[in-house]
Amino acid sequence: MLQVSDVETAYGKIKALKGVSLSAAKGRITCLLGPNGAGKTTLMYTIAGILRPLRGSIRLDGQEIAGLTSAAIVSRGLALVPENRLVFPQMSVKENLEAGAYRRKDAAGIAEDIARMYARFPRLQERREQLAGTLSGGEQQMLAVARALMSRPRILLMDEPSLGLAPMIVEEVFSIIKSLNRDGVTIFLVEQNAHMALGVAHHFYLMEQGRVTFSGEPGKLAEDEVIQRAYLGTRRASA
Amino acid sequence: MIDIIQNTVDGVMIGSSYALLALGFTLIFGTMRRLNLAYGPTIMAGAYLGTYAFLALDIGVLPVALLVVAGAAVAGLYVERLCFRPFGEGAAIASMISSFAVWMQIEEAASLALPHHLNAFPRLVSGQPITVGPFFFRLDHLAMLAVAAAAAALVHVVLHRTRFGLGVRTLIDHRRAAELVGVPVTHTLTLAFLLACAIGGLAGFLIAASEAQITPMFGMWATTKGLIAMMIGGLGSVPGAIMGGLALGVIEAQAQWLFGPQVRDLIAWGVLFAVLALWPGGLLGGRQVAEQQAVQRRV
Amino acid sequence: MDDYLVSVLSNIGIISFVALSAYVLLLAGEVSFGQQAFFALGAYAAGIATAMLRWPLALALCLGVLVGALAAAAVGRATLRLSGLYFAMATLAFAEMMRIGFELFTWQVDVGGSLVGPNGPDGFGDIRYLFENEITPAQYMLVVYGLLAVVLAALLVLDRSRWGRVLRQAGADPVLAELQGIRVVRVRLVAAAAAGALAGLGGGLYAHLLTYVEPRNFDIMLGVHSLAYGLIGGLGTAFGPVLGVLIDIGLLESSRLFQGYRMIAFGGLVAVLLIARPRGLLDERAVHWISSRAKGLFDALAARRLDHPFRRR
């Protein structure tokens with residue numbers, strides 16, 4: 001469904017992505033692991049159209065999306081739940097959800113979907129008039145997911161959804177990921193929490209220093225080795 | 001006591017035009033995190049176009065109003081293309097200084113178009129003030145208040161009932177998140193900028209029509225009044241801009257009555273200084289201080 | 001040199017002080033719209049010292065420096081925890097309060113049969129120290145440029161010192177600087193006081209050059225211009241703001257090249273320049289390029305003099 005080939009992205013002269021290729025299959029959970037600074041967030045922003053790749057191709061259902069604006073990419077059915085959630089802090093929960101449906105024009109469908117989000121995330125319904133900036137970290141994460149779903153994406157990108165959350169909330173977030181996937185949403189997930197991520201992923205990639213260094217199914221590589229590399233990187237792990 | 005009430009009423013009426021000036025300013029600052037110093041001069045460009053047509057063609061007051069708003073929007077487009085769009089998200093100071101450079105251009109162009117310092121401007125309404133008990137209300141000030149309130153209500157509807165308005169509100173709140181939900185950023189910023197200049201043009205028309213004259217000093221005057229009102233209310237906040245404008249109007253009216261025009265300006269600046277030193281976010285602000293610092297770091 | 005050229009050059013030198021004053025604060029990461037306030041304070045203080053109190057010029061200029069620095073430090077204490085537009089507006093508010101304050105300020109004494117001193121909106125005339133002491137305009141120009149040279153040298157030395165690095169760090173990324181143990185607000189306070197001193201010195205020189213100052217000389221136009229000079233000339237070196245003044249006053253105002261259209265030409269030029277170079281002509285890259293070129297040239301010369309054919313160039 002999503003195919004990234006040989007993508008390079010740079011900040012000024014520093015290349016953060018040095019030719020990344022990977023793919024996420026329809027209906028599955030694909031996970032990207034890697035240490036801090038490996039370029040995972042850069043890759044997510046590049047796919048979502050916030051950053052422009054220097055070269056390479058990004059295809060969504062066979063259609064090239066590299067170089068399109070983020071607005072066009074959202075319209076084509078790709079939504080990103082960003083690192084640190086980035087909800088609209090001064091807008092209410094309800095307004096955040098409405099903003100998530102910015103590209104859609106079907107008012108009735110939008111209202112229906114908001115009701116559906118409230119049913120899936122009852123906490124959001126309780127707090128629908130509250131400003132998003134005043135929600136707890138876990139609630140903000142749910143709001144960020146719900147906001148992304150409001151665009152009716154065919155594929156959902158999630159960047160570190162467990163970041164800064166208490167262990168119990170992390171469990172909840174991952175059970176949401178699983179249940180979304182059961183409902184047919186394709187998910188491409190970036191995580192630091194390798195243990196949790198490997199528990200839900202159908203396929204995973206390992207990224208180090210701007211390159212994909214391993215690809216496989218959970219279980220093939222011993223889990224603790226993956227975890228070690230994901231946290232520490234190959235060099236320090238082997239040193 | 002009667003005088004104080006009368007001053008407050010006068011202040012609210014004059015302040016309604018400051019509120020519009022601040023509203024335009026805050027739309028630009030809120031969405032772009034950029035200070036447009038050429039905002040007042042942009043409005044002046046519209047006002048000069050209106051007065052030029054008025055003097056040359058002897059047209060009525062409503063066509064003049066339309067010309068002022070349209071002229072301000074066109075001048076705004078020039079400012080946006082030259083001073084804001086080329087800079088993207090970086091170089092906030094450079095784009096501010098660039099808007100200052102365009103201010104100089106517009107001011108000189110205005111004096112070249114109409115070399116007299118003072119130029120006549122048509123009145124919106126004329127007639128005897130309405131008296132109610134011991135109080136009286138100038139007709140043009142009442143008209144100013146009515147038009148400003150209607151314009152503010154219209155802006156509220158646009159912001160809360162349209163997709164463009166939703167886009168503007170998301171950009172005011174969090175630019176990156178707005179991009180992520182698919183708001184077309186450049187397009188929305190340009191439209192918001194033009195809307196702001198049109199609102200400013202309307203404010204400029206109301207002020208010039210109540211003074212019945214316009215001078216090349218109007219640009220600087222409008223920039224400083226709009227800035228003070230916006231900063232008193234809180235940067236980038238729409239209700240704050242309106243509150244700030246009304247507060248500035250009332251403060252000025254009271255100070256003018258008590259101490260005269262020089263001390264009036266002294267007090268207006270003094271209030272701004274005190275608000276900034278004591279409540280850095282303005283009366284209805286607060287959150288933006290941290291954000292401002294983030295912007296500062298990008299410069 | 002003819003009188004016109006001398007007066008233009010003196011003016012360029014003096015305005016450079018305010019431009020440098022705004023530049024020092026910019027390096028510390030603060031945008032000030034209000035350096036004209038300290039320029040005005042320096043002008044009035046030094047003028048009062050020579051014309052009313054009959055002090056010598058040097059002492060009067062010192063007073064201008066002191067008043068500028070103290071006022072800037074006091075304003076800085078109240079406002080430096082603000083940043084960005086908040087600080088800029090606070091400085092502008094202060095400067096406008098000072099300007100209106102000078103319009104309300106009247107204090108005249110009898111000097112040799114006539115009243116001398118600040119007289120509200122009519123300004124402060126008869127600052128005739130240069131005339132009374134038979135200092136020619138050319139001599140005074142040398143004084144101005146001598147002082148400017150000292151200031152520039154000090155700023156260039158500062159830029160290479162640890163202090164200069166601390167200043168630029170505090171300006172470029174205050175949060176990171178704070179993490180590295182730099183006390184950003186204190187650094188900025190010192191920078192603000194130094195900037196106030198520079199503006200005060202310029203103001204003292206200005207009052208004696210013109211012999212007459214009035215409050216409206218010190219309005220927001222002067223403040224924003226001083227800020228603009230740094231961005232036009234470049235933020236990479238202390239020569240930048242001086243170059244900015246030279247381009248505006250020297251090239252455009254004084255050459256009468258675009259008479260009648262000067263502001264339209266100047267405004268367009270600045271706007272286009274800033275798109276191409278958002279940190280001015282002499283930005284950090286240009287300065288680095290020039291200094292590495294100069295170093296290369298120097299090394300080459302040194303190699304030749306030492307007659308050392310294998311020395312790396």
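The model is predicted. Two pairs of chains are in contact, and chains B and C share the most contacts. Chain A and chain C do not touch.

**Chains and cores**

- The nearest C-alpha atoms of chain A and chain C are 14 Å apart.
- The largest nonpolar core holds 219 residues. The members that touch the most others are L2(A), L78(A), F188(A), L20(C) and F33(C).
- Helix α1 of chain C, residues 3-27, gives this core its largest share, 14 residues.
- Beyond its neighbours within four places in sequence, L78(A) is in contact with L2(A), I47(A), A48(A), L60(A), I65(A), I73(A), P153(A), I155(A) and L157(A).
- Another core, of 45 residues, lies apart from the largest one. Its members include M117(A), L124(A), L156(A) and L180(A).

**The open sheet of chain A**

- Four strands of chain A form an open sheet in the order β2-β1-β4-β5, and their pairing is antiparallel.
- The edges are taken by β2 (14-24) and β5 (63-64) of chain A. Each has a single partner strand, so one side of each is left without a neighbour in the sheet.
- Strand β1 (residues 2-11) of chain A runs antiparallel to strand β4 (residues 55-60) of chain A, and five bridges join them.
- S5(A) has S57(A) in β4(A) as its bridge partner.
- Helix α1 of chain A, residues 40-47, packs on this sheet and touches β1, β2 and β4 of chain A. The direction of this helix makes about 110° with that of β1(A).

**A helix pair in chain B**

- Helix α5 (residues 139-161) and helix α8 (residues 185-211) of chain B pack with their axes 10 Å apart, at an angle of about 175°. That angle makes α5(B) roughly antiparallel to α8(B), because angles over 145 degrees count as such.
- On the α5(B) side, the contact is made by D140(B), H141(B), M144(B), V147(B), A148(B), A151(B) and V155(B).
- On the α8(B) side, the contact is made by I199(B), L202(B), L206(B), I207(B) and S210(B).
- The residues of the contact of α5(B) with α8(B) comprise nine nonpolar, two polar and one charged.

**Loop residues of chain A**

- T69(A) sits in the loop between β5 and α2 (70-75) of chain A. Its relative accessible area is 44%, so T69(A) is partly exposed, as the range for that class runs between 20% and 50%.
- T69(A) and L156(A) are 87 residues apart along the chain, and their C-alpha atoms are separated by 17 Å. L156(A) is one of the members of the core of 45 residues.
- Most residues other than glycine have a negative phi. N84(A) has a positive phi, near 65°.
- N84(A) belongs to the loop between β6 (78-81) and α3 (93-100) of chain A. With a relative accessible area of 48%, N84(A) is partly exposed.
- Q209(A), likewise a residue other than glycine, has a positive phi near 50°.
- The loop between β9 (203-208) and β10 (211-216) of chain A contains Q209(A). At 47% relative accessibility, Q209(A) is partly exposed.

Definitions and conventions:
Residues numbered from 1 in each chain as written. Chains lettered and ligands numbered in written order. Predicted model: local features only at pLDDT ≥ 70, side-chain atom pairs only at ≥ 80, totals over all residues. Heavy atoms only, no water. Axes fitted to C-alpha atoms, helices over the stretch in contact; angles between N-to-C directions. Helix = DSSP H or I, 4+ residues; strand = E, 2+ residues; numbered from the N terminus. Parallel < 35°, antiparallel > 145°, perpendicular 65-115°, else oblique. Contact = heavy atoms within 4.5 Å. Nonpolar A, V, L, I, M, F, W, Y, C, P; charged D, E, K, R; others polar. Core = buried A, V, L, I, M, F, W, Y, C linked by side-chain atoms within 4.5 Å. Buried < 20%, exposed > 50% of the residue type's maximum accessible area, 1.4 Å probe, protein only. Pairing = 2+ DSSP bridges.
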